[in-house]
Structure formats: C-alpha cells, structure tokens
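Here are my notes on this one, written as a numbered list. Keep the structure open beside them and find each residue as it comes up.

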Amino acid sequence: MPFVADAFRSRLNDTFTGGATERPAWIDELEQGTDAGFFGPGSATWSVHGGKQTILAGVRALLVQALHPGALAGVADHSRYREDPFGRLAGTIRWIYTVSHGDTTAARSASAWVRKLHERVRGEYVDGHGVTKPYAANDPDLARWVHLAFTDAFLRSAQLWGDPIPGGADAYVREWAIAGRLMGVEDAPESDAELRAQMNGYLDRGELVATARTLDVVRFIKDPPLARLLRPGYRALFDGAVVSLDPRHRSMLGLRTPAVGPVEFPVRRTAGVVLDGIGAVLGHQPGTERAALVRIARLGGERRIPDATVWWVLRKRTAPGVCTRIRDG
C-alpha cells in the first residue's frame, strides 16, 4: 500500500541520513568535479556499493571491527554511538559514497577530513594478550583492521546477496585498496587471498578478543533504537550478517546461526527478501551514483566501461535512476 511504503521510506531515510529532513547537499555536490573518480561505471566498487546488501554489510563490518580491542576502545571512548548512532552512521555513509562516486579531489578531501577527526581519538586499551597499549585511530595497524573488516564484509555480502562482481572478488579488493591507502593503510590487500591472509593473521597472532565491552557493543548492534516499523526487517538483516560471518569470528562474538535444534532457519533467503523490499522502496540505484553519472556525462558525454560493450549515460534532465544504454558499435 502506498501509505505503508511512504512510511517505510521515510523511516529508512531518517535512519541513513541521521534524521535530515531533506536530501543531503553533499550528494548533489558529487555532480561537480573535474574527473570521473577513482572507479566509475562498470567497476567492481560501483557494483558492490550499489547493491542494497550494503545495509547488511555495514552491520557485519561493525561486528567484526569490534573484535579488535584497540578499534573498539576508540569507538567506545570517543564516539557518541549510543546517544546518536544514526548520526555516526550518516557520517560513515558520506565517506563511503564520496570515495566511491565522487571525483578524486572529493574522495581525497573526505578521507583527509575523517583522518583529521581521528587525530583526537587516542587512549589506552588492553590487547588480546592482556598487555596495556596506547592506541590512536590513525595508527596504520588499527586503520588496516578497520579497512579489512569493511572490505571483507562488503565483499562477502555482495557474493551472497548482490549481483555478479565485474572482475570478481580480486577486482573489488584491488580497487577498494585505494580507499585503504587514502586512510593511511599502506599494505592494503589487493586480492581476495591477501585479504583472507591478513584477516587470519590477526587471529593467528591472538590480537582479537571478545571482552565484556565487546559483547555489550554486540548487544547494542543487535537491538539498536530503530523505529518500530523497521525492527522486524532489521532483525532479519542482523541474522543474515551473523550467518555470513567467519565461523571463528561468530564464535568469539558469542553469536549463533538461528535454529531450532539441528534445523537452521532460512536466514539467508529471509535477509534477501528484506533487501529486495528495501530496494523496491528506495530504488535500486544510489543517489550518489546518479550524481556521479551526471558529472561523468558533463565531463565527457559518455564514459566507456573498460573491457565491456555497454556504455552508460545519465542525462541530468532524465527521470531519477533512468539511464540510456548504448551498445558499442
């Protein structure tokens, strides 16, 4: 029913924009710029970040990031995630999609802005071996763990619920390594095998641990202060995120795949239905992608997708989300 769809859309937009009543100006600003950006139409990054499974991926990334006591301490000690969880979410979304769809200047500026905010995020934490250590959010090792958890979460979620990735998993990991380097991660993985090896390294070295603080954060992620209309769908997405976790991470977090006895619930399918519903309500193309296509069309008319036979053009006066598909030749 239109009324229900409108109410659902309103609650979703409130959640993802931190309660903004209008379309954020930064999205429209992505139409400006002097180049196509680091990625572009046909890229693995646009494919992975363009699917509605990114909502679930974000939940998964937060769960995995919380296993590093240094990364967790920075969030717990310096953010207002309990008082303003959706404001923090809106800021993260802005960075992700500016790097994904903005021109290279915008991507670099957004990353520099985040790193500037991180300069004050300092303190101490107890590591996985019981040793008290100092932390700083911009430390390369902490930045690397956050990058790894993000990359892995978005990649695995896309593999389970998204469209086929152009170039496969290696292409996405290689492309998104650019974002890692913008955030100070010099040794960001450039293949799926490297991603798995680096993540396994944290486990092998005993650097990950689930403390009482970790489990408290997990409880908050499981039951955030969402509008009542969104709670059933969110629970399905949370369960999907849990199912997609590395079993070792899932065990450390004290999470289990929903089941009755030996019979597991069809969590993956249920999460997919919820994601399809979100896509039907919000549309299947991010507004930031439409803005990027406007910029690319302005700069060069059409931008050829590497190694493909399809050109995508978005004309500014076209209805939102409508592209003209022009076959090569």
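1. Start with the whole chain. Of its 329 residues, 46% count as buried. The chain holds 15 helices and 7 strands. Its accessible surface comes to about 16,300 Å², and carbon and sulfur atoms account for 54% of that. Take the contacts between residues at least 6 apart in sequence: 72% of them join residues at least 24 apart.

2. Keep in mind that this is a predicted model. The mean pLDDT of the chain is 84, with 82% of the residues at 70 or more. Among the elements, helix H9 (residues 168-182) has the highest mean pLDDT, at 98, while strand E7 (residues 324-327) has the lowest, at 31.

3. Two stretches need a careful eye. Residues 1-5 have a pLDDT below 50, and beyond near neighbours in sequence this stretch has 1 contact in the model. Residues 302-329 also stay under 50, yet here the model has 48 contacts beyond four places in sequence.

4. Now look inside. Which residues touch the most other members of the largest nonpolar core? They are Leu63, Trp95 and Tyr172, in a core of 70 residues. Helix H8 (residues 140-161) gives the largest share of this core, 9 residues. There is also a second, separate core of 5 residues, with Ala73, Val121, Tyr135 and Leu142 among them.

5. Stay with Tyr172 for a moment. Leaving out residues up to four places away in sequence, Tyr172 touches Ala44, Thr45, Val48, His49, Phe150, Thr151, Phe154, Leu155 and Ile165. Tyr172 is one of the buried residues of H9, a list that also includes Ala169, Val173, Trp176 and Gly180. A reminder for reading such a list: an α-helix has 3.6 residues a turn, so residues three or four places apart point the same way. After H9 comes Gly184, whose phi is positive, near 90°.

6. Is Trp161 buried or exposed? Its relative accessible area is 17%, and buried means under 20%, so Trp161 counts as buried. Among the residues Trp161 touches, not counting those up to four places away in sequence, are Gln53, Leu56, Gly240, Ser244 and Leu275. Arg268 is another of these contacts, and the side chain of Trp161 reaches the backbone oxygen of Arg268 at 3.0 Å.

7. Next, a loop residue. Where does Gln285 lie? You'll find Gln285 in the loop between helix H14 (267-282) and helix H15 (287-300). Its relative accessibility is 12%, so Gln285 counts as buried. Its side chain makes a polar contact with the side chain of Glu289, at 3.2 Å.

8. Last, a pair of strands. E1 (residues 122-126) and E2 (residues 132-136) run antiparallel and are joined by 5 bridges. Within this pair, Tyr125 stands opposite Lys133 in E2. In a regular strand the side chains alternate between the two faces of the sheet. The hairpin of E1 and E2 has 5 residues between the strands, and Gly130 takes a positive phi there, near 85°.

Methods:
Residues are numbered from 1 along each chain as its sequence is written. This is a predicted model: local features need pLDDT of at least 70, side-chain atom pairs count only at pLDDT 80 or more; totals for chains, interfaces and linings use all residues. Side-chain values use heavy atoms; hydrogens and water are left out. pLDDT is the predictor's confidence in each residue, from 0 to 100. Helices (H or I, at least four residues) and strands (E, at least two) are DSSP runs, numbered from the N terminus. Contact means heavy atoms within 4.5 Å. Buried means under 20% relative accessible area, exposed over 50%, partly exposed in between (1.4 Å probe, protein chains only). A polar contact is a pair of N or O atoms within 3.5 Å; within protein, one must be able to donate a hydrogen and the other to accept it, and residues adjacent in sequence count only if both atoms are side-chain atoms. A nonpolar core is a set of buried Ala, Val, Leu, Ile, Met, Phe, Trp, Tyr and Cys residues joined through side-chain atoms within 4.5 Å. Two strands pair if DSSP finds at least two bridges between them. Accessible areas come from the Shrake-Rupley method with a 1.4 Å probe; for residues, only the protein chains shown count as cover.
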